[in-house]
Amino acid sequence: LLVTIVLTLLAGGLTWWWLRRELSPILETVETLGTMAGASQPLRPLPVKGQNEISRLIGGFNRLLETVAQREATLRESEARYRGFFEVSQDAIFVHRDNLIIFANDRAAQLFHADSAATLLGRHWHELIAPEDWPVTETRVAAIVSGEVASQPPLERRHMTLDGQVVTLEATGTRIIFDGQPAVLSVCRDISERRRAEEQRLADARRQRDTLVREVHHRIKNNLQSVAGLLQRELGRFLELDPRLEAAISQVHAIAIVHGLQSRNPDETIRFCDSVSGICETVAELSGRPVLFHIEDEQTAFRPVRIENSEAVSVALVLNELILNAVKHSPPGSAAPTVSLSADGSSAQLVIRNVLTTTPDFDIDSGAGLGTGLRLVRSLLPGDGAHLAYELDTENFMLTRLKLTAPVVARIAPGDAC
């Protein structure tokens with residue numbers, strides 16, 4: 001019995017010693033890992049003893065540690081590059097997680113009027129965006145955070161500086177890993193210089209276009225005047241054709257006046273009063289008889305109007321025929337025809353008054369009894385926004401009334417007197 005007990009104890013001791021010897025690498029590994037974890041030390045390879053299965057297990061663990069270490073080194077290097085790029089970037093960059101800013105570069109501090117980049121840390125990104133742009137920004141951020149998209153395209157939006165100013169920036173958003181955790185990278189670009197350059201480019205293009213348009217109108221006017229001059233040279237060669245030539249010359253001059261007025265203004269604006277005045281002068285010059293033009297209440301109630309460009313030539317030809325008819329049908333030596341203009345800023349009325357030799361018998365509305373000139377007037381008169389009427393006053397003078405309203409005429413800048 002005693003021998004049995006001794007042999008049992010000896011077998012147990014040998015078993016304990018063998019197990020301790022075989023499992024000691026695992027115990028040492030556990031102690032080493034505990035020490036590294038407790039001291040927040042970087043992971044390092046564990047010692048390998050022997051060639052048994054436990055040693056091979058520790059070797060595999062060491063290779064895993066090596067892979068993790070390499071990945072951590074790569075991540076630290078990547079984050080270092082991120083930070084270096086962020087710091088030197090000319091764009092405002094900030095990173096936020098859970099809607100709070102955790103990183104901002106110096107350019108962001110400058111753009112948002114912060115004392116330093118640290119001033120922006122811990123702030124909610126809503127503080128840097130105008131409230132009216134919160135909904136669209138929240139949608140974009142939510143899509144990045146959820147992984148629905150990896151990045152958002154550039155978007156112009158209004159941002160708020162820390163001192164309350166509103167600035168328009170172009171912003172993009174991207175999902176990144178920052179300090180080992182997912183975050184949202186926002187890049188904001190100041191586009192004010194680009195906008196100024198674009199506005200300058202458009203202004204230059206408008207000036208170039210206006211110069212070209214004025215030059216074209218000027219050349220058309222000169223060419224029309226040349227045509228009128230050639231026609232004038234034919235006057236007197238065939239007396240029976242003189243009335244028709246005179247009418248044609250007057251019409252060409254009326255069209256030339258339109259293009260001359262358009263060549264003066266960058267926006268091709270033609271004021272009705274300028275058109276009437278120019279045609280009165282041309283008719284007086286061609287006919288050799290005076291035409292008296294005046295504006296009623298010019299210094300008080302008169303408000304000029306402009307002629308729509310699409311109607312400018314038609315209105316000019318109508319005015320030319322009406323004024324020329326008044327001169328032709330006034331007896332020689334009688335009172336000069338008068339042309340009176342009134343306008344209230346939205347409509348204009350022209351009254352031509354002239355002496356008659358005989359009472360006319362025609363109807364402008366039906367076209368009955370009209371001569372060549374008035375038939376031309378009737379065909380050119382705009383159907384909407386123009387009304388022509390004739391009547392005799394108490395002194396038996398013919399009154400020709402032409403009233404123009406929208407869409408033939410329109411308002412122009414206040415204070416722009418004729």
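**View 1. The cavity search.** A search of the whole structure finds one cavity of 30 Å³ or more. The structure is a predicted model, in which local features need pLDDT of at least 70 and side-chain atom pairs count only at pLDDT 80 or more, while totals for chains, interfaces and linings use all residues. A cavity is a set of points, on a 1 Å grid over the protein atoms alone, where a 1.4 Å probe fits but cannot get out. The largest cavity holds about 110 Å³ of space, a volume being the space filled by probe spheres set on the points.

**View 2. The lining of the largest cavity.** Lining residues, which have an atom within 4 Å of a point, number 14 for the largest cavity, and Thr137, Val141, Arg157, Gly173 and Ser186 lie nearest its centre. At least two residues each come from strand S1 (92–97), helix H5 (134–145), strand S3 (151–160), strand S4 (166–178) and strand S5 (181–190). H5 gives the most, with four residues. Helices (H or I, at least four residues) and strands (E, at least two) are DSSP runs, numbered from the N terminus. By type, the lining comprises six nonpolar, six polar and two charged residues.

View 3. Serine 250 belongs to helix H7 (residues 242–264). Its relative accessible area is 1%, so serine 250 is buried (under 20%, with a 1.4 Å probe and protein chains only). Leaving aside residues up to four places away in sequence, serine 250 touches Val283, Leu286, Asn320 and Leu324, contact meaning heavy atoms within 4.5 Å. Residues are numbered from 1 along each chain as its sequence is written, and side-chain values use heavy atoms, with hydrogens and water left out.

Definitions and conventions
Buried means under 20% relative accessible area, exposed over 50%, partly exposed in between (1.4 Å probe, protein chains only). On a 1 Å grid over the protein atoms alone, a cavity is a set of points where a 1.4 Å probe fits but cannot get out, and a pocket is an open set with protein on both sides within 12 Å along at least five of seven lines; lining residues have an atom within 4 Å of a point. Ala, Val, Leu, Ile, Met, Phe, Trp, Tyr, Cys and Pro count as nonpolar, Asp, Glu, Lys and Arg as charged, and the others, Gly among them, as polar.
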